[in-house]
Amino acid sequence: MKRGLMLAWLFLAVLCAVAFGFVTGLFNPDEKVNGLWLVVAAACFYVLAFRFYGRFLARRVVELDDQRVTPAHRLQDNKNFYPANKYVLFGHHFAAIAGAGPLLGPVLAAQFGYLPGFLWLVIGAVLAGAVQDFIVLVASMRRNGRSLPEIARDEVGVITGTTSAVAVLFIVVVALAGLGLAVVNALYRNAWGTFTIAMTIPIGFLMGFYLEKFRPGRVGEMTAIGVVLLLLAVVAGRIVAQSDFSGWFHFERPTLVWLLAGYGFLASILPGWMLLDPRGYLSTFMKIGVVLLLGLGVIAMAPTIEMPRVTTFVQGGGPIIPGTLFPFLFVTIACGAISGFHSLVASGTTPKMIARESYAVVGYGAMLMESFVGVMALIAASVLVPGDYLAINTLLSADALAAMGFPTERLTELSRLVEVEIAGRPGGAVSLAVGMASIFSGLPGMAHLMAYWYQFALLFEALFILTTIDAGTRVARYLVQEMGGRLYAPLRRFTWWPGVIASSAAVVGAWGYLIGTGSISTIWPMFGAANQLLGTLALCIGTTVLIKMRKARYLWITVGPMLFVGAITLTASYELLMLFLNEAAAAGDSGQVVALYLDAALVGVVALLAVIVLVDSVRQWYGYLVQGRPFTSSEVVFGTDMAPLGGGAPAGREGLTITIDRCC
């Protein structure tokens with residue numbers, strides 16, 4: 001049995017290597033690659049990484065132990081802290097981290113060719129993104145579910161903690177505004193999509209009460225009910241859109257902003273089991289189902305990748321992303337390989353719901369699944385003819401694109417098939433939907449349903465993004481309460497309703513205002529750079545956590561990706577700063593000047609905050625590793641008898657703090 005298993009893993013490794021050979025052009029370099037090879041290479045790589053590298057991290061590095069009692073049990077309040085079913089936990093975590101980034105980022109980055117984005121997605125996720133998510137999740141779980149800035153303050157110091165808190169709160173609000181704007185644009189005057197998205201809220205309530213109150217523990221029954229109702233909502237959406245009731249769900253942008261803000265506020269204050277978790281769990285089925293269906297479509301259709309491996313735009317001057325491949329490829333793919341936003345979910349809602357320490361592997365596995373979503377999005381964009389892809393994602397004319405060497409071929413035909421004029425719709429969403437619809441409609445019996453698949457793909461994108469907004473708003477609420485609690489102690493209590501309502505309203509008001517005023521037109525590249533800088537900070541704090549776990553011999557796990565991502569994002573921040581300043585100077589007296597200078601200031605401030613955190617952390621590491629300075633750890637560890645095994649104080653009461661003479 002053991003020998004057979006070893007042979008199976010060896011076969012998978014060989015298949016992975018062969019697939020990478022075709023993808024990179026090692027085999028048949030002069031021929032266009034088949035999309036099937038990208039799916040095989042990515043899937044095999046993820047499975048191997050989870051089985052070997054993920055297990056190494058769980059068993060050797062952080063040493064997950066189910067004998068330790070998690071905060072979900074010790075601090076259970078059935079609102080924020082409670083033990084969740086492991087499948088529901090995965091559904092919530094994946095739904096919370098998988099937003100617009102893995103969908104739109106790879107599509108926009110396809111401008112440089114499919115190969116650079118593909119390699120960064122798969123390798124970056126395995127060695128950087130999944131490592132960050134997993135280490136931060138474990139660190140938070142063992143510190144009563146505390147947020148990343150609070151962990152930084154306890155483990156590194158006041159300077160890093162305060163700096164991280166300011167940077168994190170800014171990035172979260174900007175991220176939620178950017179994601180919210182994408183949802184508003186997707187649902188604007190779209191009765192079908194608005195109806196289906198709206199129906200997921202009562203369905204989520206029903207699932208939450210069914211599992212918590214009506215039939216506790218019956219996850220299978222709850223899942224079946226939710227999936228059936230979701231499919232009915234998707235089908236009914238088109239019926240409603242074509243009926244006299246369509247006006248009830250046909251909204252203008254301002255109305256959608258208010259509705260979205262109301263949903264975010266509601267999801268952030270209600271108990272997690274009531275709406276947040278079941279709705280995220282429900283959304284995960286659609287997300288994973290569509291991604292797997294897309295993968296099967298690629299396998300069945302074996303579409304040719306029309307985009308070249310590398311385009312002439314790697315040197316800069318591209319019509320979508322004007323910068324060079326380094327560093328803008330890495331910040332454009334904002335979430336598919338590594339995302340600082342994930343560290344907020346990993347230290348926000350998820351660690352408060354882990355029933356057993358071994359369940360923390362969802363932090364590693366969910367990131368690999370998100371990366372696979374990014375690969376599917378890249379394939380969907382790359383099956384389009386390069387000229388058609390550029391015509392959709394830019395405002396350039398067909399003649400201008402032809403002069404650049406990228407003539408359009410099927411643009412008119414595609415517009416007719418999806419029943420929408422698709423030229424000149426930048427942002428990535430439309431080109432992704434067209435690519436997905438092209439793959440789905442190629443399946444047997446689906447050729448006449450391309451318009452349906454196009455709308456379904458847009459709905460899929462909106463649902464993907466919306467589930468990040470609700471969890472992100474809740475995480476931001478935790479951050480505001482933790483920061484405000486240092487000035488007014490009752491705010492630190494997550495169950496104190498005045499603090500919950502006030503902090504939630506402040507967060508929702510901030511990102512709702514940004515969406516409503518429409519002042520975030522340049523926010524995506526800024527968010528991409530800031531998001532990756534937050535990833536650098538998360539890896540930096542994770543390094544300190546490993547040192548205090550006496551795991552200094554494993555520091556290469558976090559330090560390596562931290563240095564690489566840090567170099568990329570600091571370079572991108574500098575180039576964005578200069579870009580905004582130059583555009584502001586060229587704008588003259590136009591109304592964009594103030595916004596451009598504000599964008600430049602925000603990018604500069606976030607980069608400066610990141611440098612402060614890195615310098616302060618390196619100073620601390622030198623003291624621990626070289627000078628042998630003793631340190632304290634805020635880790636809280638309780639055994640099954642609820643007796644403290646060591647660590648800091650549980651939330652809301654006194655405890656012991658370990659003083660360690662040397663790290664190793």
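The face of helix H18 turned away from its buried side carries Thr412 and Arg416, both exposed (over 50% relative accessible area, with buried meaning under 20% and partly exposed in between; 1.4 Å probe, protein chains only). The model is a predicted one, in which local features need pLDDT of at least 70 and side-chain atom pairs pLDDT 80 or more, while totals for chains, interfaces and linings use all residues. Residues are numbered from 1 along each chain as its sequence is written, and side-chain values use heavy atoms, without hydrogens and water.

H18 spans residues 411-418, and its buried residues are Leu411, Leu414, Ser415 and Val418. Seen down the helix axis, these fall within an arc of 100°, so they line one face of H18 (the arc being that of the directions from the axis to the C-beta atoms). An α-helix has 3.6 residues a turn, so residues three or four places apart point the same way. Helices here are DSSP runs (H or I, at least four residues), numbered from the N terminus. Just after H18, glutamate 419 takes a positive phi of about 65°.

The C-alpha atoms of alanine 451 and leucine 414 are separated by 9.7 Å, with the two residues 37 apart along the chain. Alanine 451 counts as buried because its relative accessibility is 13%.

Leucine 10, in helix H1 (residues 2-24), counts as exposed because its relative accessibility is 53%.

Terms used. Helices (H or I, at least four residues) and strands (E, at least two) are DSSP runs, numbered from the N terminus.
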